[in-house]
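The stops below go from one selection to the next, with what is found at each.

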Amino acid sequence: MNRISACLITFNEEHNLPRALASLAGVVDEVVVVDSGSTDRTEALAREQGAAFFFRAWSSYGEQKNFAAECATNEWIFSMDADEELSSELQTSLLAWKNTEPHFPVYEVARKTWYLGAWINHSGWYPDFQRRLYDRDEARFSGIIHESVRFVGPPGRLNGDLLHYTVRSFEEHEAKVEKYTQLAAQQMHWEGKRSWRAAMIFASPWRWFYTFVLRGGFLDGYRGLLIAKMAARSVRLKYAKLGRLIKVKKLERTRGANS
């Protein structure tokens with residue numbers, strides 16, 4: 001039988017964690033929680049449910065998740081966010097997989113998002129395939145933001161949805177966009193991207209059209225309209241922030257050369 005360690009990274013997740021852990025019960029063989037300094041009941045809730053709890057100062061999403069995998073006792077890792085839960089079909093699929101011979105080093109699952117009171121079935125949000133079950137000896141996470149499992153070869157696929165409770169209000173969505181676009185700008189700068197003006201001007205309206213029209217956002221009603229609006233805003237902000245970052249770094253170099 002394949003044994004699975006579920007790995008979660010947390011920070012003040014007391015409102016989400018019980019749901020996530022309940023969906024893992026009876027499916028995985030171990031739960032590892034890596035926390036970056038919660039001040040709520042996250043640690044108490046994790047320990048009450050028998051999870052192995054570790055602290056690690058925050059560095060990046062990918063590094064936190066790789067550390068969690070290193071803390072696990074099993075080779076196979078199921079990476080899950082605290083605001084997610086396994087659907088009943090995915091639970092059944094994982095239990096069946098544990099009794100089979102793995103044919104892939106990584107398996108992906110469809111993620112379905114609950115947004116402002118309803119499940120989103122279009123807008124490019126579903127099916128949002130995520131690589132979550134993996135052999136830690138063959139794959140690992142990389143990336144500052146939108147981190148993903150990197151490996152060689154095609155992934156397998158499991159049936160069932162990973163249910164994602166992304167935000168509880170539009171204001172929370174706006175706050176996430178601000179946070180993630182800053183991280184995205186930092187990653188683009190680290191990767192050597194220096195062109196930003198044209199992308200900021202032209203990519204933003206294209207993202208709105210792509211999300212609302214080509215990916216069927218209009219079928220999600222007013223929620224799809226909000227998703228398209230925020231997708232366009234995300235593109236505009238990340239390139240604007242990249243531009244500011246380039247200017248700051250250039251000014252720092254100039255000051256250093258003149259000192």
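Which residues does histidine 173 touch, not counting residues up to four places away in sequence? Select histidine 173 together with Tyr115, Trp125, Val167 and Met230: these are the residues that it touches, where contact means heavy atoms within 4.5 Å.

Before going on, note the ground rules. This is a predicted model, in which local features need pLDDT of at least 70 and side-chain atom pairs count only at pLDDT 80 or more, while totals for chains, interfaces and linings use all residues. Residues are numbered from 1 along each chain as its sequence is written, and side-chain values use heavy atoms, with hydrogens and water left out.

**Stop 1: helix α5**

Select residues 170-190, which make up helix α5 and include histidine 173. Helices (H or I, at least four residues) and strands (E, at least two) are DSSP runs, numbered from the N terminus. Histidine 173 counts as buried because its relative accessible area is 10%. Buried means under 20% relative accessible area, exposed over 50%, and partly exposed in between, with a 1.4 Å probe and protein chains only.

Aspartate 83 is buried, at a relative accessible area of 10%, whereas lysine 176 is partly exposed at 23%.

**Stop 2**

How many salt bridges does the structure hold? The total is 16.

Select glutamate 84 and arginine 132, whose side chains meet in a salt bridge of 2.8 Å, N to O. Glutamate 84 is in strand β5 and arginine 132 in strand β8 (residues 128-135), so the pair, 48 residues apart, links distant parts of the chain. Both glutamate 84 and arginine 132 are buried.

Lysine 193 is partly exposed, at 39% relative accessibility, and glutamate 191 is partly exposed at 41%. Then select Lys65, Asp81, Glu84, Arg111, Asp128 and Arg132, which salt bridges that share partners join into one network.

**Stop 3**

Select residues 30-35, strand β2. Is this strand largely enclosed or open? Six of its six residues are buried, so β2 is largely enclosed by the rest of the structure. Glu30, Val32 and Val34 point one way from β2, and Val31, Val33 and Asp35 point the other way.

β1 and β2 pair in the parallel sense over six bridges; two strands pair if DSSP finds at least two bridges between them. In this pairing cysteine 7 stands opposite valine 32 in β2. To follow the chain from β1 to β2, show helix α1 (residues 17-24), through which it passes in a right-handed β-α-β crossover. Right-handed means that, with the strands pointing away from the viewer, the path from the first strand over the helix to the second runs clockwise.

Four bridges join β3 to β2, and the two run parallel. Valine 34 stands opposite phenylalanine 54, and aspartate 35 stands opposite phenylalanine 55. The chain crosses from β2 to β3 through helix α2 (residues 42-48), and this β-α-β crossover is right-handed.

**Stop 4**

Select phenylalanine 212, which is in helix α6. At 17% relative accessibility, phenylalanine 212 counts as buried. Leaving aside neighbours within four places in sequence, phenylalanine 212 is in contact with Gly217, Phe218, Gly221, Gly224, Leu225 and Ala228. Phenylalanine 212 and leucine 225 are 13 residues apart in sequence and 6.5 Å apart in space, C-alpha to C-alpha.

Finish by selecting Trp206, Trp208, Phe209, Val213, Leu214 and Leu225, which make a nonpolar surface patch of about 550 Å². Patches are made of residues with over 30% relative accessible area and no salt bridge; like charges are joined within 9 Å and nonpolar side chains (Val, Leu, Ile, Met, Phe, Trp, Tyr) within 5 Å. Accessible areas come from the Shrake-Rupley method with a 1.4 Å probe, and for residues only the protein chains shown count as cover. Helix α6 (residues 197-214) gives the most to the patch, with five residues. Leucine 214 lies in this helix and is partly exposed, at 48% relative accessibility.

Terms used: A salt bridge is a side-chain nitrogen of Lys or Arg within 4 Å of a carboxyl oxygen of Asp or Glu.
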